[in-house]
Amino acid sequence: MFARKKKGFLGVAAVVLAGSLVVPLLAIGTTASATTVRPHVTLSHANTVFSSGVMYSPPTVWNPNAQGSFATGTEGFLYETLFLYNPITNKYIPWLANSGKWTSTTKYVLTLRGGIKWVSDVANGQAVKGFMTGADVVFTIMLAKTDPGIYYSNLANDVSGATAVGNTVTVTFKHPAAEDWQSFLYQDPILPSSSVYGMGDWNNAELNTDANAAPVASGPMSLDSANTNSEEVCYTTNPNWWGANVKSLGNPSFKFGHWCDTVNSSNNVELTDFLTGAIDLSNNFLPGIAALIHAASPGGSTYGNISTYYPRPPYMLSANTVWLEPNLSKKPMSNLYFRKAVAAAVNESQIVNVDYTNLVDASNPTGLMPSQKSYIDTAAVKQYGFSFSKATAKADLKKSNYKGQTVTIECPAGWTDWMAAINLIVKDLKGVGIKAEALFPSYATRTSDIEDGTYDFAIDNNASIAADPYNYFYRMFRLPVQKVQSAQDNWERFDAATVGGVAGKAWALVKDLNATAMTAKTARQAIFNKLETIELQYLPEIPVWYNGAWAQYSASHWKHWPHSTAKGDQYTPVMWAGWLGQMTTVLALAQLAHS
Amino acid sequence: MRRYFLKKISIYLLTFWVAVTIDWGIPRLMPGNPLQVFLLKFRAQPDAAKYLQAYFYKAFGFNEPLWKQYLYYWDGIFHWNLGVSMFYYPTPVATVIGQHIFYTMGLLVPAIICAYFVGNRLGAMAARRKVLDNSILPASYLISGTPYQWFAMLLAFFLGALWHLLPESNAFAFGTTPVWTWTFIGNFLEHWILPFLSLFFIMLGGWAIGMRNLIIYELESDYAHWLQMLGSPARLVRRYAYRNAVLPQLTGLALALGTFVAGQIVTEIVFNYQGVGLLFFNAITNSDIFLMQGAFLLVIIGVLVANFVIDIVYVLVDPRTRVSMMGAEG
Amino acid sequence: MTDADAPAEGMRPASGTAPAGSDPPPVLAHGTAPDPDGMAAQPGAATEAVAPVSSPLPGAPKRRRHEFLYFAVRNKKLLVGISVVGFFVLVAIFGPWLTSYAPLATGNTGWHPPSGRHWLGTTYFDEDVFSQVVYGIRASFEVGVLGGCFSVLLGMLVGFTAGYRGGWMDEILNLVTNVVIVIPLFAMLLIIGGYLHQLSLLWEAALIGMFSWPWAARAIRAQTFTLKNREFVGLARLSGESSSKIIWREIAPNMSSYLMLTFILLFGGAILTASFIDFVGLGPQGVVTLGTMMNNAFFWDALDLHIWWWFLPPGAIITCIVGGLYLTNAGLDEVFNPKLRSL
């Protein structure tokens, strides 16, 4: 029967299988024909800076209102805020605004710089579309009232009206709202109000979610969509940027022609890209980087160009406080002595040493950041603060009603440094007789566990660094607690049901801060002291360490990165949302020079 | 013949229906709000969060009754409208997959084909000589037991991290745009070598073992003995044995597809290679149910199509079927 | 390859013996064992359908056992395979006595290369790699055995029922088998794993078993088909024994060697699949497995920090264990199957 075979069937098989290979190739053919229309440039590293560690998903959105999903650079490179805040020097820097001040407790007047231009993206020729005026500022503020989905919708409760005459804007308030307004000034970018090139004619759904793929913006760079793909977002410097002419800022301008921020898949891939020189700035936690920095110095090995902000521990600036977050609505976490036992059982310095190889600092018991040191009530810390002590932990545990239940500590699977920290904490807790277990569910599951209040302990951090600890306590004490805590506030569920009247008291104090003028320093400090005391007495959160403002630089292509040892004012080295455009990173980039 | 294909196709359709239903059902029947993670991205104040939740619930169609969502899902599949990715929001899932499929196919198809032919040849060689049998066979067993991700890590470590010969991650360098230019093609090939090698190598072992065993079996069969008695040259006998052995190997190819999918996914993860496998993995870790559904759908379609292609090849190559077809027609 | 999807097939012709309509083309006269990437393709019994059960007469087993033993101790593949697997079984059992470190006990000073104190060096967290490996081997065997058992049992349930009952029951079970066989196991596990709160070793094994039985089922079904028409089964049926008893007493023992081979392949496949799941980070937490070791090593920069002693051992050991199992399988097959002994 085999004798009937005439041709080698291998040949037939090869033809058919090859055919199945052609199909996908045709598929790329069609994609390619769509893409070849765009001008193609392979960006030279001599004129381009590459960064990573910011975006965890591909760049698809340049709408600053789509907080958390916009591409790196949307705030900072494209859209800008009225002021910047430098956490290193604790100073505000006038940015789009020339000046601004409270003329009464409910009235704020600010003047814009002249000559700020709205400029289109590279695909549209970086054309000047118009000038920024007070009307744009008013438009931005009033969105809080007209768009209930906007991220600063809380301003709607404070602001009664805003008017502009030329470049001067007057904002009137229903009641004093020092903190809400302060954070708007340096955190929320000004949007173009024009109906022709701006967002003036956008409906609410567009304002909140539109991709804004051809952004008309005021900032130092313009979107270069031809070089943007699912792996990176690229920008080209904006020759029409206002900053270069401002002497008081030191005439900042960029020496590079392009900036690309690449999508970050995981810290090991990023370390590879960083060590091979593919990226110049990494804003991700890179395990082992301290060892590589030190390996670099003697004999000038391959890694000789690597540096961080500090040359020695903690190497990094601090970015936010990481808490061990108890679920106060569940036993045994609802018991204060149990929380005290846990707080005393955790060996923070071991986490700093082993998990982070000294890249971070252990936290102060209040959790206030090093840059907010002046706000810490040292007397309260001395009286109520906790520190690592197995004996104290065991004693407190005896006083608690702990009955040997198993408690879980969770963080999302894949958040490697936090997972390692949890493993260490679990061991610490077991060491004093608490049955603890690590739990690493998916990000979604972990998030719903926290929002629905079904978790035991979680590792969590406060939103971000800010000029003063108002945000920190807002995050901790905000009331009311809802069934599903969808906003990232009061996740530990500190309310009347769990701790009694003190919850209402704490929240009232936080609201007091908003109503107390920024200039009333003593009154404000008194409120901070009270809040810190409540925090230390009730332990709604257990601060463990400060997450680093991860930044490692390579000088193989670009030099003059921010260093604690350099002369003059230093600026933040972090491209994260909330930092690049708000915390002076953009000024640090203006200092870069070609190696 | 027709009956055979009808039966085959109906099984494939049934499989497709089951797979799509599972694909649709798992994320929806699991407890929890599918939009929770996505909404968290907007960092909205509590009231604004409620507003956005309502808006997106409607926009993503979660407000419809389940049976309607199910029908819409099928309707979407037929129009290749797989919804909008949350991870790539607001890019449609179909577009996202379209951008990545080339990288997966460009790795997987050459690796499978090369491994198939080279592996079969190796197996045939092993069956020929004792020396080769004693070296190729044990090696093949070891290769069959090697986890894809481990071999990929070995290549990435030695050829990448240690000796810096080839890039150990990404499908092309930063700063290049994926368009048809020589620069890009060169860059792409440079990044393609390591993942290709690691897939190709692990896939080899099984074919070699299978072919070696099949040929030995064929050589023991009556016709081989008969041929030998008739004084046919050994080469000829072997060639017949090889041809007969390729057939079952082809069926084996269909059955191995599932494991190749697994190998592809972990290999893409190790090399951070921007194919559908990495996309699938990202979709799962980022709870992007639409992207996850789309990627899984694509995997299913790929496996089914490949099965079908192999069925056709099988019928085409198998002399007996050819005869029966001709007989049926004549 | 992993065989996770389709291990147990291969030794036996599914279609050669099955009536028309089973999966591979009905024209496949040779009926040879279409098997996952040819792994352990054992066409030996192809034409004759069921070699190992070719003399299922009472009284035969004892003589045959001696015969098997005679060939077993002379089969190199079997000996090598069994000694490799056996070595690691011993390590898994006695290893914990050889190490003075708990697998997850962290030191304080970062990673160290292999030395007298730490035979295989330490991880990024200064954990002892050797003790992790020892416990990891344990976990691998647990998952492998459990996963293999789950899928063989499911495969037996489906295969025996379909093969013995025949009729509409067979049609339905066969359909289910054909559907599950095409769905890619690992992709399915990823989706489920992504939604499960946390996977324990047992659950991981159960999930693997739940999706890797079809090959066993299909092969067992084909075997049952041929066996149920033998005289001794007919005799049992005449004597009025219940179906389950007949299957259990008459049919299963006559394919025990075959079931064992199936189990070994599924065992190896389960270890590999578990290593994939663990590597992508969806595996059990708080337990050291060889897969999670590779996951940790990979995501904690072992490649770029050149901590080769962290990721080399776990993968090499999986390779040896699974390779050893496959080799054992091939050796056993030759022992049970006279046609293959020649080379």
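Predicted model: local features only at pLDDT ≥ 70, side-chain atom pairs only at ≥ 80, totals over all residues.
Now widen the selection to strand E13 (residues 281-282) and strand E21 (residues 552-554) of chain A: the two run antiparallel and are joined by 2 bridges.

To see the whole sheet, select its 7 strands in the order E10-E11-E12-E1-E13-E21-E14 (chain A). The sheet is open and its pairing is mixed. Which strands stand at the edges? They are strand E10 (221-223) and strand E14 (306-307) of chain A; each has a single partner strand, so one side of each is left without a neighbour in the sheet.

Go to the loop between helix H4 (204-209) and E10 of chain A, where A:Asn212 lies. A:Asn212 is not a glycine, yet its phi is positive, at about 50°. Most residues other than glycine have a negative phi, and most peptide bonds are trans.

Then move to the loop between E14 and E15 of chain A and pick out A:Pro314. The peptide bond that leads from A:Pro313 to A:Pro314 is cis, with omega near 5°.

**The sheet of 6 strands**

Select E16-E20-E15-E19-E17-E18 of chain A, in that order: these 6 strands form an open sheet with mixed pairing. At its edges are strand E16 (361-362) and strand E18 (435-439) of chain A, each of which pairs on one side only.

Inside this selection, look at strand E17 (residues 406-410) and strand E19 (residues 457-461) of chain A. These two run parallel and are joined by 2 bridges. What is the bridge partner of A:Ile409 in E19(A)? It is A:Phe457.

Helix H8 (residues 348-355) of chain A lies across E16 and strand E20 (542-548), running at about 25° to E20(A). Helix H11 (residues 416-431) of chain A lies across strand E15 (318-326), E17, E18, E19 and E20, and runs at about 170° to E18(A).

**Another cis bond and a salt bridge**

In the loop between helix H13 (470-477) and helix H14 (496-499) of chain A, select A:Pro480. Here the peptide bond from A:Leu479 to A:Pro480 is cis, and its omega is near -5°.

Now show helix H10 (residues 390-399) of chain A with its side chains. A:Asp396 and A:Lys399 both lie in this helix, 3 residues apart, about one turn of the helix. The two form a salt bridge in which the closest N and O atoms are 3.8 Å apart. Over all chains, a search of the whole structure finds 13 salt bridges.

**Two hairpins**

Select strand E2 (residues 83-86) and strand E3 (residues 91-94) of chain A. They pair in the antiparallel sense over 4 bridges, and A:Leu84 stands opposite A:Ile93 in E3(A). The hairpin of E2(A) and E3(A) has 4 residues between the strands, and A:Asn90 takes a positive phi near 55° there.

Continue to strand E4 (residues 97-104) and strand E5 (residues 107-112) of chain A, which pair in the antiparallel sense over 6 bridges. How many residues are in the hairpin that joins E4(A) to E5(A)? The hairpin joins them through 2 residues. A:Ser104 has A:Lys107 as its bridge partner in E5(A).

**Chain B**

Chain B has 13 helices and 0 strands. Its C-alpha trace spans about 90 × 60 × 40 Å along its principal axes.

**Where chain C meets chain A**

Finally, show chain C together with chain A. Select the residues in contact: 20 of chain C and 33 of chain A. The two chains bury about 2,100 Å² between them, 56% of it on carbon and sulfur atoms. On the side of chain C that touches chain A, the residues divide into 9 nonpolar, 9 polar and 2 charged.

How many salt bridges are counted between chain C and chain A? The count is 0. For polar contact, the rule finds 5 residue pairs across this interface, with both residues at pLDDT 80 or more.

How values were computed: Residues numbered from 1 in each chain as written. Chains lettered and ligands numbered in written order. Heavy atoms only, no water. Contact = heavy atoms within 4.5 Å. Buried area = accessible area lost by both parts, 1.4 Å probe. Salt bridge = Lys/Arg side-chain N within 4 Å of Asp/Glu carboxyl O. Polar contact = N/O pair within 3.5 Å; in protein donor to acceptor, adjacent residues only side chain to side chain. Nonpolar A, V, L, I, M, F, W, Y, C, P; charged D, E, K, R; others polar. Pairing = 2+ DSSP bridges. Axes fitted to C-alpha atoms, helices over the stretch in contact; angles between N-to-C directions.
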